[in-house]
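Have the model open as you read.

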Amino acid sequence: MAIPEEIIQELKYRNDIETTISQYVNLKRRGKNLVGLCPFHSEKTPSFTVYPESASFYCFGCGAGGDVFTFTGLMENLDYIESVKLLAERSGVSLPEDGYNDSMQRLKNTVYEINRESAKFFHSYLMSEGGKWAREYLLSRGLALSTIKKFGLGAAPDSWDALINHLKEKGFSLNDMLTANVVGKSQRGSYYDRFRKRVMFPIINIRGNVVAFSGRAMPGDDKAGGKYVNTSDTPVYKKSENLFGINYAKNHCQENVILVEGNMDVISLHQAGFCNAVAPLGTAFTMEQVNLLARYTKEIILMLDADAAGQKAAKRASELLQNTGLDVRVVVIPDGKDPDEYIKKNGTERFKALLEGAVSDMEYKLLMASKDIELNSDEGKLKYLAKAAEIIASSDDVMTRDIYIGRLCDKYGVSRAALTAKVDELRKRTNSYRKKQEIADIIRPKFTRDDINPERRISQKATAAEESLLAVLLQHPDFYNEAKNSLPSDKMITSLNRRIYEILISALDSGKSLDISVFAEKLIPAEIGYLVSLQNSERAGKNAKAVLTDCIAVILEEGSLLNSSKNADASVEDWASNLQNIINKKAKGNSQNG
C-alpha cells in the first residue's frame, strides 16, 4: 500500500507516541526514555519502555514493540493499516482515496456486513408475529421495548436455513458466512444456521460494529444443546478482548465501571439507569479486558454472582486487577441473587445503596476468608488470622496493611506486634520468591530471540553479527552504501535478518527514511518488536563504522565456514562429481582459449 511518507510523518506528529501511550499506560520518566507496566502481559516490575527519540516502544518482558501505529493496533485489535486509518480519523487527516484495500481488510469488511445484516434479520424476526415467543420471554424478564431496540436484541427462527437464505439474497457467499461463524458446516458438507430458536444478543465493539452474537435457548428447551451458543473467534472478534455493553458504557464510566457476569445483568442495569455496566463474554475476565476498561475508567466495581462460579470469577478478576492502577471495590449481593434479580425485586434506590456500600477488594477477601470457619473457637480464630495475614501481606501499600492489621487486632484481641510480625514474615518470603523469579526470567526469558529467529542456532556468532549490523544501519543509515557494496543480501545467514536487510536497503535505495512504517506491512508484530529492540539497542557502540566493518567480516567468514562444513558432509560420489565438473569446465575453457 502506498500511504505517502509525508502523511505517515504528519500522523506521527499529531499522535505523539508518548501522549498516545500515556492514555493507556502510566508512564514514568527514566532518563531520556519512559517506562511503565506492559499492557500486553501481566507484570509487577515495569519492562515496557517508550523511546521518544525514535518514536517507538519495546517491552523487554514479552517482546512487543513498534511505533504509535503498532501500539494502537495491538490495543485496538487492528492491523497496521487499520491503525493508520484510525489515527488519521482521530487527527482529522485525509488519506488517499486509492489507499489500502487488501484481501484481509476486504474479508473483515464482509464479516462486519454479514454481522450487521444478521443482526437486522434477528431483530426483525423478534418484532414479527413469528418471534412472539422470544418477545414475550424478554418482556417477561422486565425489559421494555425501548431497551430491546436499544440493544438490538433479536431471535433466531426454528429453522436450519432461514438466515442462510436471507444472506444469500443479500449477495453473501456460504464461505463468508462460515468465516463470520453465523453458519456451520456438517461432516457431510451441508451448511446450516448456527443459531436456531434462540434469543439473540448482538455483541457490539467499542467502535459500534456488530462483531459477534450470543444466542440463549428458551428455558426448559432440553433439545437446544446448551443454554448458550456463542460466536467463535473470527477475523473481527476475540471474546477475550471484548466486553458486552462496552459500546454504551464507555460514555458513562469516567468514575467507575460495574463488572457483572451476564448479558441480562448488563441490560437490566442499563435500563435502570446504571449505564456503566459491562460483562465478559462467556469467558473468565482477561488482561485484555482489564486494559480495555483502564482506558475509560479509574475504578472497577465487581458485582459477580454469589454462587461458587461467581466467587471464583471475582477472585480471578481481583488478581488481574492488582497493580493495574485501578481502584477495585466489591459488592456482595444479599441472598445470593444476581444483579438482574436484585434490581427487579428491590428497585433502583436499594441497588444504589448496595453500590455505595461496596467494600474494598481487601475487605472482600478478608470477608470471604472467614467463610466456613468457626470463629467462636480459638482454633478457628487462629486459622482465620493465618489466612488473613496472607491476604494483608499481598498488599504493597504500607498504609493499607497498617489499617487492616489494626482492625483485625481490635476485633480478635491479637497483639499488633504479633500480627505485624507474621505479615512481615510472609512479605519477606514472597519478595524473596519474586526476586528469584525475576532473575530466572532474565536468565530464561519466556520469549527469546530464538522464538522469532529459530535459525539463530545455525550460527550464534553470525546471527549476533547480523543483529549488530542491522542495529548500526537502523541508527546510522548513512553507512548503508558500505554495507550494500560489501555484503550482498544472500550472504546473510538467517532468513529473518536477510528480509529486514533487504527491506532496509530497498527503502534507502529509493530515498525513504528508515521509519518503522517501512517495515510494518512486511513483518509480523513479533518481528516488528525484534526490529525495534535492535533499533534502540546499544550494539552500534561509539564507533559504529568499525562495528559495521567487523560485522560484515564475521558474517562472510561464518558463511564460508558453514559452506565448507556442508561440502565436507557431502558424499564421496558428490565430491567426485563436483570435481569432475570443475575439470571439464577448465578443459573446455582452455580449448576455447587455444
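β9 and strand β10 (residues 210–217) pair in the antiparallel sense over seven bridges; strands here are DSSP E runs of at least two residues and helices are H or I runs of at least four, numbered from the N terminus, and two strands pair if DSSP finds at least two bridges between them. This is a predicted model, where local features need pLDDT of at least 70, side-chain atom pairs count only at pLDDT 80 or more, and totals for chains, interfaces and linings use all residues. Residues are numbered from 1 along each chain as its sequence is written, and side-chain values use heavy atoms, with hydrogens and water left out.

The hairpin of β9 and β10 has five residues between the strands, and G208 there takes a positive phi near 90°. Strand β6 (residues 154–156) also runs antiparallel to β9. Here's how the two partners line up:

| Partner of β9 | Bridges | Opposite residues |
|---|---|---|
| β6 | three bridges | A155 and V199 |
| β10 | seven bridges | F201 and S214 |

Seven of the seven residues of β9 (residues 198–204) are buried, so the strand is largely enclosed by the rest of the structure. Buried means under 20% relative accessible area (1.4 Å probe, protein chains only). R198, M200, P202 and I204 cover one side, with V199, F201 and I203 on the other.

Now the cores, meaning sets of buried Ala, Val, Leu, Ile, Met, Phe, Trp, Tyr and Cys residues joined through side-chain atoms within 4.5 Å. The largest has 66 residues, and L469 and Y501 are among those with the most contacts inside it. Helix α22 (residues 495–509) gives the most to this core, eight residues. A second, separate core of 60 residues includes L163, V183, V211 and A277.

Definitions and conventions
Buried means under 20% relative accessible area, exposed over 50%, partly exposed in between (1.4 Å probe, protein chains only).
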